[in-house]
Amino acid sequence: MDIKNIENIELKYLTVDDFEELKAATLESYGGVLNSYWKKHHIEELTSMFPEGQVIIKIDGDIAGCALSLIVDYDSIDDEHTYEDIIGGESFKNHHADGDVLYGIDVFIKPEYRGLRLGRRLYDYRKEVCENLNLKGIVFGGRMPNYHKHKELTPKEYIERVKRKEIYDPVLNFQISNDFHPVRILKGYLEGDTASNEYAVLMEWDNIYYTKPNKKASTVKTVVRLGLIQWQMRPYKTLEDLMQQVEYFIDSVAAYRSDFAVFPEFFNAPLMAEFNHLHESQAIRKLAEYTQTIVDKLKQLSISYNINIISGSMPEVVDDKLYNVGYLCRRDGSFERYEKIHVTPDEAKVWGMQRGNKLQTYNTDCGKIGILICYDSEFPELARLLSDEGMDILFVPFLTDTQNGYSRVRLCSQARAIENECYVAISGSVGNLPNVNNMDIQYAQSAVFTPCDFSFPSNGIKAEATTNTEMILVADVDLSLLRELHSFGAVKNLKDRRKDFYDVIRVK
């Protein structure tokens, strides 16, 4: 068919009025094999019970192709099934309007119209139906029309060689290129299919947008608003003064309906001024005495302002050992504690800070998150472990004194966003504290980073604050874009990992 002669291509619902033309098109497509076409009562039944599942492509008014499908309750179908098992005889008894999977029962393009990628249009339409109906995915038994030429191979060997492009199979190659993947071999699937030796490959496409129906009220969001607080270090006479400033910022980001308020590492350091006469290791322990009071107040604020609060970090003494820790205070009243795993040489030498041993993801009403404190972001293994647990957003509260230190945190955080296909939000402090030893100056530019792909900013920067200026940064991130990226990205950093060659393993 010369594409230059085509004036109109349209996708239409199949109707009973199309029966005679459909019959002729089917016979032509299947080589005139008798009984290879649907009877009129079949078309009446299909178009009546599931009209949106039955479509045809017309070129200049003539049927060029067709796709027919059912909705099935997949758990009720045996792993080893035949085509006849699926269609259920004359009445399509396995079609269930409240089922969870779209099952393709027929698709063809007339010979004269092949090569125009019309099959892709039919498959894309099926995917749209699947997404619109919130079905888990699409399955069908795929023929292997060239298998009869390679009978010395097992079906599994044949499929593997097709996947490696060593054997060309027009059906399997097409399906694999359209994001379908083989699940299992079905023996005796279609009676009389000698070309496939009556074998079929159960092919599957997963709907990444599928959400399990929930009978309970659900508040899980897909578009999440982040409120980063670029905190300025300044003197505070009392804890109450500092917490007044904390509440001011929480109020500010909550007014923009942010889902998270994120504070930097050691945002409460100004309170050490009162202990500046002590040795640094003693002063930091005195600061730790405020931590529980601050956490209790943050828990209250998270509820009253209806916002999830990431407390940055604060010193905390446990069994006489000093740790750098933070708290996630959820707006439902629950909370979590996290620890800095890698302390800097300065933290260990000057303060006697101990290394933490707590690493996990946290479920929130805005997806699954991870939190790494400052230096931890420079160790890719930690973020990889969190990614393996399904992390959507990584938060990195930090404190850096020089641009060198800041650049390490920033560039490593950007790398974490790309390699783990997630969002990364970093929040730091600015200003100076001339009256607090070992906390003299700060350098920061808080930011939200993304993967680098077509649905995201090309430079991987969603938003960034003004350098060394006290401010808030509010940015929206769309979690559904991550789901799409995982399956359809230009590159697939998560899926393409060579786990047969290397892996990151958590030590228990």
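Trainee: So buried means under 20% relative accessible area, exposed over 50%, and partly exposed in between, using a 1.4 Å probe and protein chains only. Which of those is K136?

Mentor: K136 is partly exposed, at 37% relative accessible area. Before we go on, this is a predicted model, so local features need pLDDT of at least 70 and side-chain atom pairs count only at pLDDT 80 or more, while totals for chains, interfaces and linings use all residues. Residues are numbered from 1 along each chain as its sequence is written, and side-chain values use heavy atoms, leaving out hydrogens and water.

Trainee: OK, where do I look for K136?

Mentor: Go to the loop between α4 and β5. Those labels are DSSP runs numbered from the N terminus: helices are H or I with at least four residues, strands E with at least two.

Trainee: And what does K136 touch?

Mentor: Contact means heavy atoms within 4.5 Å. Not counting residues up to four places away in sequence, K136 touches D100, V101, C130, W205, D206, N207 and Y210.

Trainee: How far is K136 from Y74?

Mentor: The two are 62 residues apart in sequence, and their C-alpha atoms are 9.5 Å apart in space.

Trainee: You listed D100 there. Is D100 buried or exposed?

Mentor: D100 is buried, with a relative accessible area of 13%. You'll find D100 in the loop between α3 and β4. Leaving aside neighbours within four places in sequence, D100 is in contact with I71, V72, D73, Y74, L135, K136 and G137.

Trainee: New topic: helix α5. Which of its residues are buried?

Mentor: In α5, residues 155–163, the buried ones are P155, Y158, I159 and V162.

Trainee: Why do they end up on the same side of α5?

Mentor: Because they cover an arc of only 95 degrees around the axis. The arc is taken from the directions of the C-beta atoms as seen from the helix axis.

Trainee: What do those buried residues pack against?

Mentor: They pack against α6, β6 (181–187) and β7 (199–206).

Trainee: What comes after α5?

Mentor: K165 follows α5, and its phi is positive, near 65 degrees. Most residues other than glycine have a negative phi.

Trainee: Which other residues have a positive phi?

Mentor: D179, for one, has phi near 75 degrees. D179 sits in the loop between α6 and β6 and is partly exposed, at 38% relative accessible area. F266 is another, with phi near 50 degrees.
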